[in-house]
Amino acid sequence: MFVPGTGASDLEWVSFEQSGILTATQAADLLGRGVVRGLVRRGVWRRLCRGIVLTNNGALTRDQQLWVAVLAAGPGALLAGATAAAACGVRGLRAEPLQVLVPAARRPSGRLPHLPPDMAGVRVYRSTYLPPEHHQVGLPPRTSIARSVVDGAAWARTSDEARLVLTAACQQRRVLPVDVAEVLAAMPRVRRRRLIRTTVADIEGGAHALSEIDFMALCRRFRLPRPDQQERRKDADGRNRFLDAYWKQWRLHAEVDGAHHMDARHWAADMIRQNQVWIAGDRVLRFPAWLIRADPSAVAGQLRAALTAAGWT
């Protein structure tokens, strides 16, 4: 939508700020109920659901869907969870249903109104803890990125999806692990609290991808010593390289290969880097990311054997 020019009406400004989505009360206050009914009857505007109108007759855009979700959920509603995190720029998160948070103290207003076919699904959550610092300035209103990430992980369908929310937000530098940990500390009853705390600790320790988070979980499960992650090392050309997992005391390096390692160029570059590590005298083990999940005991067995051979007891 275009920014209203000089002399624009209140209707134009409200419509601009809310992506063309208005409550029926807003529209009536600005134009009068009779005018609004006439616009809807003639097909100039769309009545989307009970109490919500669109100031044109087109299909809903993503921004408009977000506004519909917040306004349909009623007073005090905020975008939250993965939806709010995505609105703040986190990529790769589940798009639906749209997640909305309302204060638990608000009187329940019943179910959401029947939404139009071009509207994404909406799920409303309630919270007894929603302090001002967990609100973020934005349109539509939303929770802060740190609160959004904690809620998104708690509401995720699976533990893997929960870890993805956390790693994506931190890896893309939309939030710092310390900020997520601060929000988590204030929410002792949040779902998956232990998993969130552990994942945030792994990210602070250097884990940058979901496969690396899985690797750290494997080490804890099989009682292996915690490795150093993202250990910096200069290669033969003087460039900085980072090792996925490195036990400095036992000079053991473990590399977790993601899907990109299937590419021939990446494979060749990784082989050269691995050879340089071997030349320096370290042991190197490599595991595909899928094997860490499919057969963790086999991975742990090889790690244990290599550590034992290097002197670990």
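**Ground rules.** I kept to the cut-offs of the predicted model: local features need pLDDT of at least 70, side-chain atom pairs count only at pLDDT 80 or more, and totals for chains, interfaces and linings use all residues. Residues are numbered from 1 along each chain as its sequence is written, and side-chain values use heavy atoms, with hydrogens and water left out.

**The sheet.** I looked up the strands (DSSP runs of E, at least two residues; helices are runs of H or I, at least four; both numbered from the N terminus). I found an open sheet of 3 strands in the order β1-β3-β2, with antiparallel pairing; two strands pair if DSSP finds at least two bridges between them. β1 (21-23) and β2 (46-49) are the edge strands, each pairing on one side only. Neighbouring strands are turned by 35 degrees against each other on average, direction ignored. I then checked β1 against β3 (residues 52-54) and got 3 bridges. Threonine 23 has isoleucine 52 in β3 as its bridge partner. Helix α2 (residues 24-31) packs on this sheet and touches β1 and β3, its direction making about 85 degrees with that of β1.

**α2 with α3.** Next I took α2 and helix α3 (residues 33-41), which pack at about 115 degrees with axes 7 Å apart. Axes here are lines fitted to C-alpha atoms, for helices over the stretch in contact, and angles run from 0 to 180 degrees between N-to-C directions. α2 and α3 are therefore roughly perpendicular (65 to 115 degrees; under 35 is roughly parallel, over 145 roughly antiparallel, the rest oblique). In contact (heavy atoms within 4.5 Å), I see Ala27, Ala28 and Leu31 of α2 meeting Arg33, Val35, Val36 and Leu39 of α3.

**α7 with α10.** I did likewise for helix α7 (residues 159-171) and helix α10 (residues 210-221): about 120 degrees, axes 10 Å apart. That makes α7 oblique to α10. Asp160, Arg163, Leu164 and Thr167 in α7 meet Leu210, Ile213 and Asp214 in α10.

**Aromatics.** I counted 3 aromatic pairs, where rings of Phe, Tyr and Trp (its six-membered ring) pair if their centres lie within 6.5 Å. One is tryptophan 13 with phenylalanine 16: centres 6.1 Å apart, planes at 85 degrees, so edge-to-face (over 60 degrees; under 30 is stacked, the rest tilted). Both sit in helix α1 (residues 10-17), 3 residues apart, which means about one helical turn between them.
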